[in-house]
Amino acid sequence: MTPEGMRAKGTTPGATTMHGATAGTATTTQRATVQGPAARTVATPAGPAAGTGPAASRAGAGPAIRVDGLTKKFGDFTAVDAISFDVRYGEIFGFLGPNGAGKTTTIRMLATLMPPSSGRAVLNGFDVVHQQVKVRESIGLVFQDNSLDDRLSANENLYFHALMYDMPAAEFEPRVREVLSMVDLLDRRHAIVRTFSGGMRRRLEIARGLLHHPAVLFLDEPTVGLDPQTRAAIWEHVKRLRDGFGVTVFMTTHYMDEAENCDRIAIIDHGHIVALGSPEELKASVGEDIMSVGAADPQALAPAIAARYGVEVNQGPDGLRFDVKDGAAFIPRLTADFPGQIRSVSVHRPTLDDVFLQLTGRAIRDEEASGLDQMRMHARAWGGGRR
Amino acid sequence: MNTRRTAKVIYAIWYREQVRFFRDKSRWLGLIIQPLLYLVLVGVGIASSMTFRGAAGGANVSYLTFMYPGIVGMSVLFTAIFSGVGIIWDREFGFLKEVLVAPVPRWAVAIGKSLGIATTVLLQAAILLILAPIAHVQLSVGSALGVLGVCALVGFSLGSLGIAIASRMQSMEGFQFVMNVLVMPMFFLSGALFPLTGLPVWLSALAHIDPLTYGIDALRNVIYVGGQAARVLVQYSIGVDLLVVAALAALLVLLGAWAFQTQP
Ligand SMILES: Nc1ncnc2c1ncn2[C@@H]1O[C@H](COP(=O)(O)OP(=O)(O)OP(=O)(O)O)[C@@H](O)[C@H]1O
Ligand SMILES: [Mg+2]
């Protein structure tokens, strides 16, 4: 695995929880965790000069994608509600949002597969409504759900793709080997897709999506259900496409740690973009370290903590939550101030999860867990929560 | 979109059609068994329980001999329409997205598909020639080639018709409907099973607007060539048949390409 991949994983802020340990040892553990590889170097988007690959031809000087008031209505229901944003050439742009947020619908509109109800989108300088073939010449797409022919072999699916995208015959063999090795399917190259497992099909879809080098590559939840090594290999390849060929990547995801790989992220919820920025910017907007405290009697402890430190205390999924500046150093003080009342303490750096939680009041992973929402209602009732 | 590029797209679609066809062993078996069932069970059954009065002027033609071109036409009809309508399956299982998002003109996709179907039908017709002896039909090389040519052309037309229908159908539910209101009537009215002479006027009128009628008549023309007794069973001259079949092919391929291009 590359350092890049390692860093991506390291960034996932693993909250270390201590159970009944002494304050002293806990502090050291915390420091180790928190001071780990925290800051991720943002890869600078490739400038206009940087490697414009053979197929990744850019048209025009504007952004790779310009979206302006794009809206999609299904009957009375507005799936995508007047969103506007730009995606720069050569960046990995992430669309992060819960199920039904409108991510796939947005991609379908940008990829000319569905006409917008209103608004405008220009991709690689071409209007997605009026210059459809030009747009399609500029893009590659890995769909969220199956788009393989399962009666064909892996190789035949790739060959079909190469023909449809007018790939030079000489490039076919090396590229097929490259993408199939990336997803570890080279030995199954001539097997019929019907005999593949779900994960193998997914890997083949991604391999096929990366076979040609488009100006803009759409990846709709590309790595759902894949094992960590495969995910890392795919990310490595995607970054190589960006750096070596200047491919612009537009991807959607549920995975927080994956979103961290993006240069910029738009958080989308109920068809609205609620935040947009680099992962660092978004996390910085949440602010300080987040403490989660398991208490013997949370109802009593919450107001006490709030009064003592002048912080807002909320009932989170894993206990009482509040923000402090230096969480690790704060633990001994907390346990000393409330002896016997604290069962567990954990501290973590704000994650994109927290960003989402703060912006929408819901956790991105637990959409269906309405129990969580009820808990938060309670928290608001007695804690005067900020959300 | 230049010619080379368009040709590549057409080839890609055609290629996939052939790979799928050659891979599907059960389809191969079906290709033989279905016409065999019709010939042996229906054909022999009818022939032995009823006198075949279809042949005018007291010509001695067995029902099986009469039926054979009809059965070839039936096989072409089913294969071509099913293959064309197969686009619905591609939609259902997701593969169509890969086609629709590709930077290619959709009409070229439709034409590639029609050509692919024509090829499939051609291979199928070649297999059906083997059944000729069962129907006491003797084929010259010229007749055999004629059968292949007519089948390919009819397959191309009807495949295009299937594509046009599938382009306007969003789900598999419509499939049964198409079968009942289009395919079966086309088969029954085509003269495959009974001669179209002496029919009530309304039935005769319907038969004459059935595209398959001309295809099957063309098959009879090429099969009963050269003064065989069964020539009396032919409706039109080969020229008329081929003209209608060719005109239909041109019309339907345009319809299929247009429908696929403008699909919602
Ligand atoms: N063809 C359609 N007809 C009606 N409603 C639709 C259609 N496609 C999507 N929707 C609705 O639009 C909303 C957004 O769907 P979309 O597929 O864009 O979500 P998503 O963000 O991709 O979600 P997920 O993470 O589950 O893939 C959903 O509420 C969905 O039910
Ligand atoms: Mg989706």
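Visitor: In which loop of chain A is A:H270 found?
Guide: This is a predicted model, where local features need pLDDT of at least 70, side-chain atom pairs count only at pLDDT 80 or more, and totals for chains, interfaces and linings use all residues. Residues are numbered from 1 along each chain as its sequence is written, chains are lettered from A and ligands numbered from 1 in the order written, and side-chain values use heavy atoms, without hydrogens and water. Strands are DSSP runs of E, at least two residues, and helices are runs of H or I, at least four, numbered from the N terminus. A:H270 sits in the loop between β10 (264–269) and β11 (272–277).

Visitor: Is A:H270 buried or exposed?
Guide: Buried means under 20% relative accessible area, exposed over 50%, partly exposed in between (1.4 Å probe, protein chains only). A:H270 has 54% relative accessibility, so A:H270 counts as exposed.

Visitor: What is the phi of A:D166?
Guide: Most residues other than glycine have a negative phi. A:D166 is not a glycine, yet its phi is positive, near 55 degrees.

Visitor: Which residues of α11(A) are buried?
Guide: An α-helix has 3.6 residues a turn, so residues three or four places apart point the same way. In α11(A), the buried ones are A:L301, A:A302, A:I305 and A:Y309.

Visitor: What arc do A:L301, A:A302, A:I305 and A:Y309 cover around the axis?
Guide: The arc is taken from the directions from the helix axis to the C-beta atoms. These residues lie on the same side of α11(A), because their arc is only 105 degrees.
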